[in-house]
Amino acid sequence: MNNTKKYVIIAMIAAIYTAVSLAIAPFSFGNIQVRVAEALTLLPLIYFPSIFGVVLGCFLTNLIGAMMGVNILGFLDAIIGTLATLIAAYITYKYRDKKIKGIPVISILAPVVVNAVVIGLELGFVLFPDNIIVGSLISGLEVGIGEFISVVIGYFIVKELAKKKIFE
């Protein structure tokens, strides 16, 4: 695959992530969230450059969300949330071949755990400054549940995309 095609795919992934997240913005931000676009964090199971598209999409979503006033975490989330997505996407890629009964469990759980911890802490500090620990635990659980829903959807999408071989 040539570089131009890779860049176009990366840009398309970023655009899809951003468009889906902002189209359903009330569900994409906050402690109770199902950021459906996070389903794309499983694309590294089948295509390494997708990491860049997902990370760029997350950055743009968090930045634009902050500018629109719908991202309750503000501009800080453009850095912290994006970093969480980068870590999760990389772990997804790194452990894609480690499977339990044919399922890449570590890769699937990476976005759930990383976002639950990182975004949970971020929400705890912002929304619960008087009780950061309890706020972070509650927010982390809420984010983790939403992320789990997204990655389950993502797993089935990625399985279908792998069959189509569109990234080859």
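A residue counts as partly exposed when its relative accessible area falls between the limits for buried, under 20%, and exposed, over 50%. In this predicted model, F52 has a relative accessible area of 46% and is therefore partly exposed, and F48, with 34%, is partly exposed as well.

**Aromatic pairs**

The structure holds four aromatic pairs, and two of them are set out in the table.

| Pair | Distance between ring centres | Angle between planes | Arrangement |
|---|---|---|---|
| Y47 and F167 | 4.6 Å | 15 degrees | stacked |
| F48 and F52 | 5.8 Å | 85 degrees | edge-to-face |

Because Y47 lies in the loop between helix 2 and helix 3, whereas F167 belongs to the segment after helix 6 (132–164), their pair ties together parts that are 120 residues apart in sequence. Both Y47 and F167 are buried. F48 and F52, for their part, form one aromatic cluster together with Y93, and over the ring of Y93 sits the charged end of R96, 3.9 Å from the ring centre.

**The surroundings of N31**

N31 is placed in the loop between helix 2 (25–28) and helix 3 (50–68). Leaving aside residues up to four places away in sequence, N31 touches I72, L123, L127, S139, E142 and V143. With E142, the side chain of N31 makes a polar contact of 2.8 Å. The C-alpha atom of N31 is separated by 8.9 Å from that of L141, although these two residues are 110 residues apart along the chain.

Definitions and conventions. Residues numbered from 1 in each chain as written. Predicted model: local features only at pLDDT ≥ 70, side-chain atom pairs only at ≥ 80, totals over all residues. Heavy atoms only, no water. Helix = DSSP H or I, 4+ residues; strand = E, 2+ residues; numbered from the N terminus. Contact = heavy atoms within 4.5 Å. Polar contact = N/O pair within 3.5 Å; in protein donor to acceptor, adjacent residues only side chain to side chain. Phe/Tyr/Trp six-rings, centres within 6.5 Å; stacked < 30°, edge-to-face > 60°. Buried < 20%, exposed > 50% of the residue type's maximum accessible area, 1.4 Å probe, protein only. Lys NZ or Arg CZ within 6 Å of the ring centre and 35° of its normal.
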